[in-house]
Amino acid sequence: MPQLSLKEIIDKVDELKGYFSSSLRDAEDIDRLRELESEVLSKKGSIASLNKQLGSMDLDLRQAAGTVINDARAQMRADYEAVLARHLAAAREKELEAEKLDLSEIVSGSDFHAGRFHLISKTKSELEDIFIGMGFAVEEGPEAETDWHNFEALNIPPYHPARAGQDSFYLKYGEPESMLLRTHTSPVQIRVMTRQEPPIYAVMPGRVYRRDTADARHTPVFHQIEGLVVDKGITFANLAGAIETFTKAIFGPNIVSRLRPGYFPFTEPSAEFEVTCAICEGAGCRTCSNTGWIELGGCGMVDPNVFGAVGIDPEVWTGFAFGFGIDRLAQMRFAISDMRIFLDNDVRFLRQF
Amino acid sequence: MKIPYSWLCDFVPLGTLEFEGSSATPSHELIQHLTDSFNDLGLVVEGVEWVGNGLDEVVVAKVLEIHGIEGAEKIRRIVVDAGEAEPLQIVCGAFNFEVGSKVPLAKVGAVLPGDFAINKRKMRGVESFGMLCSTIELGLGQDKSGLMILSDDAKVGSKITDALAIVPDVVFDLAIENNRPDANCVVGVARDLAAWLKLPFVAPTVPAFRTVSPSESVRLTGVEVRCPDQCDRLLVALFDSVNPKPTPRIIIDRLNLAGMRSVSPIVDISNYLMLELGQPTHPYDADELAGGVISVRLADRGETVVTLDGTMRTLGLPDVRGRESTDVVIVDGSDNPVGLAGIMGGEESEIKESTSNLLLELAHFTPMTIARTSKRLGLRSEASARFEKGVDPRILEVALARFSEMLGQLPAEVVQVTKPGANDTWEIDLRVSRVNEILGTAIDSEKVSSLLRPIGFDTEDLKAGVLKVTVPTNRPDVMREIDVIEEVARHYGYRNIDKIRPDSKFVGALKPLQRIRRQLAFLAVGMGFYETWSATLLAPGEQERFGDTGAFLEVENPLAQEESILRRSLLPGLVRALRFNVNRNEDEVRFFEIGKVFSVFEGEINETERLAFLLAYPGDAVTSAMSVFATISDFFSLEKVSILNRYELDSVKRDLLDENALAESWNGLHPTRSAFLVANGCIVAQVGEVDRRALAESGVHHDGRVGYLELDFQRVTSLIPPPDVMTPISQFPVAEVDLAFEVPDSVSARDIEYAIAHEASEHIVSSKLFDVFRGGSVRSGYRSLAFSVRMSALDRTLSDSDISGVRARCIAMVESRFGAKLRG
């Protein structure tokens with residue numbers, strides 16, 4: 001290999017720089033750029049081969065020529081990177097433009113559909129969660145129930161006037177009027193107290209049946225939630241406190257509750273509980289018939305006869321129970337004029353909740 | 001019960017309460033105060049009706065002219081004569097009258113019921129000097145047709161109250177609970193109210209005549225009570241040659257206000273006393289009674305009596321539970337029934353206008369007797385409603401005295417028969433500490449006494465914290481200490497009891513099954529299903545339509561036949577929901593429901609919980625129903641479930657099922673496009689297409705194939721494996737091998753998939769069916785099933801020989817176990 005002078009090196013480098021620079025400028029696409037990079041700057045490229053020719057030079061010369069070559073390589077590398085970046089940016093821009101997608105045109109629900117919980121079950125879960133928060137368990141029982149659990153154990157013997165208010169669907173099964181569709185969730189109280197020792201803190205939601213002709217405020221099939229607390233030292237004041245607690249949890253802090261005397265055979269003393277009308281917050285409106293109050297449900301201290309039926313000593317344990325309609329609560333909160341819609345399963349209704 | 005304010009005032013001086021204007025007519029403030037008091041006492045006010053109040057400035061007006069008003073369609077200009085010097089001009093929006101009609105005019109300055117003040121007004125430029133009124137505006141009725149039209153003889157200019165002879169009053173409509181028999185009358189309500197308001201209670205008049213036993217009597221020796229357990233007190237009085245005066249206006253008004261009509265002087269007195277004192281009385285025409293007497297006895301089996309309503313009643317029959325009858329009849333001196341005791345009188349001895357000699361029956365029947373007869377006959381009356389709940393046995397003499405007073409004649413003779421003890425009060429020991437333990441109060445024995453005495457409970461302090469409480473006979477509901485405590489609480493005031501939140505000893509939480517139920521519901525909603533709540537009660541034949549002929553439960557006394565059968569499956573209800581929506585052009589639905597189903601098996605009621613999915617949209621939703629199950633199975637890592645196509649039921653596959661599995665209510669799907677999902681011999685679920693024929697018969701007209709999946713909630717949850725420690729994950733590459741087998745049609749694809757994944761080799765991570773085809777080189781009766789099998793090892797990269805070893809084991813297993821053959 002002939003010996004090159006420093007000048008010759010410099011000339012060659014300049015020539016290469018000129019070539020590289022114009023080629024960069026002329027390159028039409030990224031492929032051409034990469035080709036150029038490979039041709040000039042890679043380990044097998046022109047700069048590398050020029051470098052190899054320095055091997056036989058004097059040390060001084062070699063160092064000077066090396067500097068020239070390295071500087072040129074760095075310069076060209078930088079130029080290359082800049083041009084490449086420009087090309088990449090342009091290519092990216094072109095690609096983005098080509099892939100443009102108007103997401104407002106996408107049809108919703110074509111891949112996934114959101115389902116819905118039924119308003120009743122949503123309300124039921126919400127209530128369960130509130131009572132769970134108060135340290136209650138959730139208990140369940142059968143819908144086809146014995147007369148004993150539904151009535152007798154609850155201090156409602158045959159011909160008791162309370163039976164007239166809970167007209168029952170009796171089942172063609174066993175002795176006449178021995179089995180029925182439960183008229184309230186209270187038989188679950190009996191089941192819980194017969195299988196579990198106190199203390200008991202439980203709520204019992206479920207479907208119940210009354211032989212009432214359907215109208216805007218009644219359906220023969222509806223849902224209740226019932227609460228039962230049995231412990232030492234439980235008082236009527238605790239009942240009032242429990243009702244205040246959960247009604248506030250359901251309706252909000254501006255709602256207050258109040259009790260007034262009522263009658264249920266399975267509680268004594270018994271009460272009806274009312275809450276400030278959630279629609280007008282007590283000011284008076286159509287929903288509350290201008291009274292400012294909404295009657296929500298019944299409650300009271302567990303009657304000693306009920307404790308007797310399940311073998312709990314009323315001198316040791318006291319307790320309270322309360323219950324109210326889940327459907328009625330949902331009806332009131334969402335201003336549903338006719339309860340019968342709950343069983344229609346009209347999708348235009350279901351999708352609202 | 002409807003109680004006029006004026007009637008209450010006979011027994012409690014409400015007018016002395018310090019409210020503005022509380023003289024003859026009560027103020028709104030007073031009525032509101034009384035309403036609150038009733039509610040606090042548990043005598044719930046369901047309505048307050050102002051009668052004839054606010055009518056001072058309302059007069060009779062005669063319509064003279066009727067003119068339209070320009071630009072107004074809904075009002076007219078009326079000129080009336082109101083008895084004043086000049087005619088008056090009124091703007092009116094009603095149209096139901098003509099010139100010459102007499103109508104009520106509220107003059108300027110009138111304040112109508114509901115505090116509606118009448119002022120001079122101008123409408124559409126026309127001045128109006130008052131308002132012509134409807135019955136609603138006057139508080140006199142509910143007639144919505146327009147103005148109240150008065151009779152032609154009403155005197156123009158006279159007060160409407162005079163023209164209609166209205167006495168202003170306020171009527172409280174009270175809901176009386178079953179444990180308040182004392183409050184089924186005006187006197188009882190007055191007593192409770194007086195105690196609450198700390199006003200004196202003015203008791204009704206005391207008897208002023210002598211009663212003797214029948215044997216001591218002259219003409220009533222034949223009176224007998226032959227069933228003292230059912231009738232423990234009987235008073236019979238004779239009034240000779242009665243000549244009652246017409247019922248006074250005030251009595252007629254009060255009867256009307258209480259919701260009863262005036263019938264005849266004697267009947268009016270009887271009804272009035274029942275409302276006032278709670279004691280039903282029954283007058284007979286003594287001359288129509290054989291022997292001129294009555295007696296009381298149990299009805300004979302099959303005995304009949306024609307009651308006042310003209311219906312023949314058959315008595316003495318056992319009730320639905322087979323219990324012996326306790327029907328009680330009133331009989332005459334020849335032992336012939338003349339009335340159904342405590343419920344309704346008989347037709348024959350009914351008093352008439354011509355009745356001269358009157359026999360009055362006042363009896364005390366035990367509540368259960370009347371309740372049973374009333375229920376069995378489906379016959380209720382004002383009298384039976386009171387006897388059922390319990391009437392005061394001591395009120396009989398008072399009622400007779402009042403009857404005599406109102407009739408203006410003393411009885412000629414009165415006999416009484418009283419079962420020993422029937423008139424007695426009873427005593428209850430009340431522990432003051434117990435009062436506070438139950439109520440959460442801190443009140444002493446003196447306070448307790450002060451609450452009980454005004455409502456007729458006598459108390460004696462036995463010291464040591466015990467009060468001996470004597471219960472009045474008008475409170476048969478108060479039999480125990482706890483009942484007395486309720487009375488203390490009522491008059492202490494429920495609102496005065498603190499509210500103390502109870503402190504649960506437990507941490508609240510859903511039980512495992514309840515949590516899984518919610519997870520399933522969330523999963524269903526997440527998959528796009530709407531939750532439904534369909535009816536439990538179905539029509540006869542509705543389940544059979546879907547091929548379900550199993551034993552069902554039936555309601556003995558349905559409201560309608562269409563709602564008499566308990567559902568054995570959620571399918572009919574979901575199909576109803578589908579029909580409802582398809583009929584409203586919503587033919588794309590995905591529904592799920594969680595609910596109870598009922599069947600009868602070997603004589604036992606079987607109530608189980610099901611979870612069902614129904615999918616309907618144009619096209620075939622059946623495979624989607626299957627993939628819903630796959631998703632659930634995947635989410636909960638369910639243990640092995642076999643798929644048993646319904647059309648394969650007769651084949652060898654049948655041995656997958658326990659003997660009785662098919663007796664359950666798993667019916668209703670397409671015979672050749674549905675399957676049972678089976679585990680441990682039990683059907684866990686069914687899946688497939690809802691038979692289009694059954695859909696059509698159900699009135700569902702849907703083009704698509706409707707998919708359905710129904711799971712037994714308990715059984716599915718039992719297949720959820722217990723929580724396990726983590727399965728180690730290999731860090732080495734996964735090898736994938738595809739295997740295609742020729743498999744007999746009778747073999748379940750899922751069984752093979754499961755066997756490859758779980759039973760062929762420990763190195764197999766998963767297997768997945770990815771292709772099915774029939775025909776071509778595949779023999780008939782077979783199909784090709786291709787599985788993608790992934791394998792790896794925890795400790796190394798599987799070598800080629802490892803892989804071929806696993807592959808070989810896999811093939812051997814599938815071929816030998818399933819009669820399959822690897823395809824080349």
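In the predicted model, 11 salt bridges are counted between chain B and chain A. One of the side-chain pairs that meet in a salt bridge is formed by Glu244(A) and Lys499(B), with an N to O distance of 2.9 Å. The contact takes in 91 residues of chain A and 89 residues of chain B. On the chain B side, the residues that lose the most area to chain A are Tyr494(B), Tyr530(B) and Trp533(B), which together account for 11% of what that side buries. The size of an interface is often expressed as the accessible area lost when the parts come together. Between chain B and chain A this buried area is about 7,900 Å², and carbon and sulfur atoms contribute 56% of it.

Attention then turns to the second largest pocket, which holds about 1,300 Å³ of space. Its lining is made up of 38 residues, of which Met626(B), Ile643(B), Ala749(B), Arg750(B) and Glu753(B) are the closest to the centre. By residue class, the lining of this pocket comprises 15 nonpolar, 12 charged and 11 polar residues.

Several secondary-structure elements of chain B each supply at least two residues of the lining of the second largest pocket, among them the helices H16 (622-635) and H19 (749-760) and the strands E31 (642-645), E32 (669-679) and E33 (682-690). Strands E36 (764-773) and E37 (782-791) of chain B also each supply at least two. H16(B) provides the largest share of this lining, with 7 residues. At the level of domains, at least three lining residues are drawn from each of domain 5 (512-718) and domain 6 (735-822) of chain B.

How values were computed: Residues numbered from 1 in each chain as written. Chains lettered and ligands numbered in written order. Predicted model: local features only at pLDDT ≥ 70, side-chain atom pairs only at ≥ 80, totals over all residues. Heavy atoms only, no water. 1 Å grid on protein atoms, 1.4 Å probe; cavity = no way out; pocket = protein on both sides within 12 Å on 5 of 7 lines; lining within 4 Å. Points joined across faces, edges and corners; volume = space filled by probe spheres on them. Helix = DSSP H or I, 4+ residues; strand = E, 2+ residues; numbered from the N terminus. Nonpolar A, V, L, I, M, F, W, Y, C, P; charged D, E, K, R; others polar. Domains from an automatic or database assignment. Contact = heavy atoms within 4.5 Å. Buried area = accessible area lost by both parts, 1.4 Å probe. Salt bridge = Lys/Arg side-chain N within 4 Å of Asp/Glu carboxyl O.
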